[in-house]
Amino acid sequence: MITKQELREVLQKYQFDEKQIDRILNKKIKTLLKNGNKDKIDTILQILLNNGISRESIEKCLSILALGKAKEIEDIIKVLKDNKISKETIEGCLIVLALGKAKEIEKIFKVLKDNKISKETIEGCLSVLALGKAKEIEDIFKVLNDNKISKEAIEGCLYVLAQGKAKEIEKIFKVLKDNKISKEAIERCLSVLALGKAKEIEDIFKVLKDNKISKETIEGCLSVLALGKAKEIEDIFKVLNDNKISKEAIE
């Protein structure tokens with residue numbers, strides 16, 4: 001644990017100005033105070049500032065002080081630098097330092113490079129390094145490649161690599177194909193593979209078909225399959241139908 005006064009002293013030591021310190025102490029920092037340790041925070045701040053991470057960036061992502069581990073942060077920064085990830089990109093996603101594991105990130109870089117994912121694309125979605133697992137990402141690439149998903153589509157939604165599960169994605173592809181959803185429509189909304197669940201998507205298709213929603217309309221808004229719940233959608237249709245809202249208006 002660390003008190004607000006102790007935290008203030010550490011921040012003063014590393015030359016945060018008084019306005020920054022007041023803003024930090026007035027934030028919701030319960031987790032930081034509970035999990036923080038003065039010496040640990042001191043070391044983390046020293047590492048971040050020595051690597052050119054700005055005080056403003058640290059202020060915006062205090063979770064790095066609550067959740068990060070000094071040695072791991074140091075190792076991750078080295079891996080990111082070795083892979084030519086810019087300081088500005090790291091500052092924009094400090095959560096990768098808080099949650100990532102250097103060895104895992106190294107493996108993820110290898111998988112991404114083997115699949116010809118550009119550095120610029122990785123910089124646009126660093127969370128894949130914090131949230132992804134190299135083996136899972138490798139398996140997801142195989143499923144996507146087997147289903148002829150283009151590299152460009154994958155680069156446009158790296159989130160699917162960070163959050164998806166290969167086995168679930170495989171099931172989702174089957175449901176989408178059974179319902180004649182085109183590859184092009186899937187490529188426009190790859191998030192359906194990251195966020196959706198095959199069984200739920202199957203149930204949603206049934207509700208949409210029962211309510212005469214066209215395939216073209218569904219293809220234009222696949223996010224309903226990713227985020228929707230069949231039971232909730234069914235209830236919404238009932239309300240709309242009770243109020244005589246036309247199918248055309250819903251579509």
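Biologist: Is lysine 212 buried or exposed, and what is its relative accessibility?

Modeller: Exposed means over 50% relative accessible area. At 58%, lysine 212 therefore counts as exposed. Bear in mind that the model is predicted. Lysine 212 sits in the loop between α19 (198-210) and α20.

Biologist: Which loop holds glutamine 15, and what is its phi near?

Modeller: Glutamine 15 belongs to the loop between α1 (4-13) and α2 (18-25). Its phi is near 60°, again a positive value in a residue other than glycine. Glutamine 15 has 61% relative accessibility, so it counts as exposed.

Biologist: Now the other end of the scale. Why does threonine 89 count as buried?

Modeller: Buried means under 20% relative accessible area. Threonine 89 counts as buried because its relative accessibility is 15%. The residue is part of helix α8 (residues 87-92).

Biologist: Which side chain does threonine 89 contact, and at what distance?

Modeller: The side chains of threonine 89 and serine 86 are joined by a polar contact of 2.7 Å.

Biologist: How should I read separation along the chain against separation in space? Take asparagine 179 and phenylalanine 205: how far apart are their C-alpha atoms?

Modeller: Asparagine 179 and phenylalanine 205 are 26 residues apart along the chain, and their C-alpha atoms are separated by 7.8 Å. Asparagine 179 is in the loop between α16 (166-178) and α17 (183-188). With a relative accessible area of 14%, asparagine 179 is buried.

Biologist: What is the C-alpha distance between isoleucine 24 and asparagine 50?

Modeller: That pair is also 26 residues apart in sequence, but the C-alpha to C-alpha distance is 21 Å. Isoleucine 24 lies in helix α2 and is buried, with a relative accessible area of 1%.

Biologist: Which element gives the most to the lining of the largest pocket?

Modeller: Helix α22 does, with four residues.

Biologist: How do the lining residues divide into nonpolar, polar and charged?

Modeller: The lining of the largest pocket has ten nonpolar residues, two polar and one charged.

Biologist: Last, the rings. How many aromatic pairs does a search of the whole structure find?

Modeller: A pair of aromatic rings is described by the distance of the centres and the angle of the planes. Here the search of the whole structure finds zero aromatic pairs.

Biologist: What lies over the face of phenylalanine 16?

Modeller: Arginine 55 does, at 5.9 Å from the ring centre. For a charge to sit over a ring, CZ of Arg must be within 6 Å of the ring centre.

Methods
Residues are numbered from 1 along each chain as its sequence is written. This is a predicted model: local features need pLDDT of at least 70, side-chain atom pairs count only at pLDDT 80 or more; totals for chains, interfaces and linings use all residues. Side-chain values use heavy atoms; hydrogens and water are left out. Helices (H or I, at least four residues) and strands (E, at least two) are DSSP runs, numbered from the N terminus. Ala, Val, Leu, Ile, Met, Phe, Trp, Tyr, Cys and Pro count as nonpolar, Asp, Glu, Lys and Arg as charged, and the others, Gly among them, as polar. Rings of Phe, Tyr and Trp (its six-membered ring) pair if their centres lie within 6.5 Å; planes under 30 degrees apart count as stacked, over 60 as edge-to-face and the rest as tilted. A charge sits over a ring if NZ of Lys or CZ of Arg is within 6 Å of the ring centre and within 35 degrees of the ring normal. Buried means under 20% relative accessible area, exposed over 50%, partly exposed in between (1.4 Å probe, protein chains only). A polar contact is a pair of N or O atoms within 3.5 Å; within protein, one must be able to donate a hydrogen and the other to accept it, and residues adjacent in sequence count only if both atoms are side-chain atoms.
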